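Hello,

Here is the structure for you to look at. Please open it first, then read my notes below.

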Amino acid sequence: MIAVTDQPIAIAACIDAVQAERAGAVDVFIGTVRNHNQSKDVVRLEFETFDSMAVKKMKELAEEASRRWPVEKVAMVHRKGVLSIGEVAVVIAVSTPHRNDAFEACRWLIDTLKQVVPIWKKEIYENGEEWLEAHP
Amino acid sequence: MELTIHLYGITRDIIGQSRYVVQLPPGARVQQLLESVRTSYPELAELKSLLVAVNEEYAEAETPLSERDEIALIPPVSGG
């Protein structure tokens, strides 16, 4: 399951999607919207996505993770649109035979997603807004 | 040739629309596209990075462009 969605992410469905008989571990990363960033109070977030390329890149990441670790299955779902504080922005679930590989693969997937997948986050404050990471 | 550039995030805000049409000589490469848009919109030069995606793949400066390509400006990404 690899997708970009404008609907709330069904976390249980992501976990179900990586069930495998050979798996002894499922690691799940859930990214949520926090109310504070670099001393500013965040009111809400807006995610914009280049949908087709984002899904393509996430599939490539899942394939790369499967080359680096003995991955059984990967689920990656990223939200787009307007999100309130506390909402789930991204879910990554990975199943492997043993837990260490699941932890490592999951961490690599979220770290690399943040670097290469064409998704943009705008923070909305009481008095303004800002696209994150845009400027040096 | 006439290229339609898809815009996202801060590049859409800077240029003020979600698609931008640019005229470049036939055979122009990614580097010429970047020079053209930075000249027209100097704010783009202030970004931490600005990449170009051609047909849903990150392109090199030397990648040639054609009117059939799906081209997008990719400002610094911030998913997750």
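Start with chain B. Strand β1 (residues 2–6) and strand β5 (residues 71–74) of chain B pair in parallel, over two bridges. Strands count as paired if DSSP finds at least two bridges between them. Helices (H or I, at least four residues) and strands (E, at least two) are DSSP runs, numbered from the N terminus. In β5(B), B:Ala72 is the bridge partner of B:His6.

A word on the source. This is a predicted model, where local features need pLDDT of at least 70, side-chain atom pairs count only at pLDDT 80 or more, and totals for chains, interfaces and linings use all residues. Residues are numbered from 1 along each chain as its sequence is written, while chains are lettered from A and ligands numbered from 1 in the order in which they are written.

Now the scores. The model has ipTM 0.95 and pTM 0.95. Chain B has a mean pLDDT of 97, and 100% of its residues reach 70 or more. pLDDT is the predictor's confidence in each residue, from 0 to 100.

Back to the sheet in chain B. This open sheet has five strands in the order β2-β1-β5-β3-β4, with mixed pairing. Its edge strands are β2 (19–23) and β4 (57–58), each pairing on one side only. In general, strands of a sheet pair through backbone hydrogen bonds, either parallel or antiparallel.

Next, where the chains meet. Chain B gives 16 residues to the contact and chain A gives 23. Two residues are in contact if their C-beta atoms, placed from the backbone, lie within 7 Å. On the chain B side, α1 (9–15) and β5 each give two or more residues.

Over to chain A. Strand β1 (residues 2–5) runs parallel to β5(A), joined by four bridges. A:Val4 has A:His78 as its bridge partner in β5(A). β5(A) also pairs with strand β7 (residues 88–96), antiparallel, over six bridges. There, A:His78 stands opposite A:Val90. Six of the seven residues of β5(A) (residues 73–79) are buried, so this strand is largely enclosed by the rest of the structure. Buried means 20 or more other C-beta atoms within 10 Å of a residue's own, with C-beta atoms placed from the backbone.

Last, a helix residue. A:Leu109 lies in helix α3 (residues 99–116) of chain A. Why does A:Leu109 count as buried? Because A:Leu109 has 26 C-beta neighbours inside 10 Å. A:Leu109 touches A:Leu61, among others. These two are 48 residues apart in sequence and 6.7 Å apart in space, C-alpha to C-alpha.

Best wishes

Methods:
Buried ≥ 20, exposed ≤ 12 C-beta atoms within 10 Å, placed from the backbone. Lists of a residue's contacts leave out its neighbours within four places in sequence.
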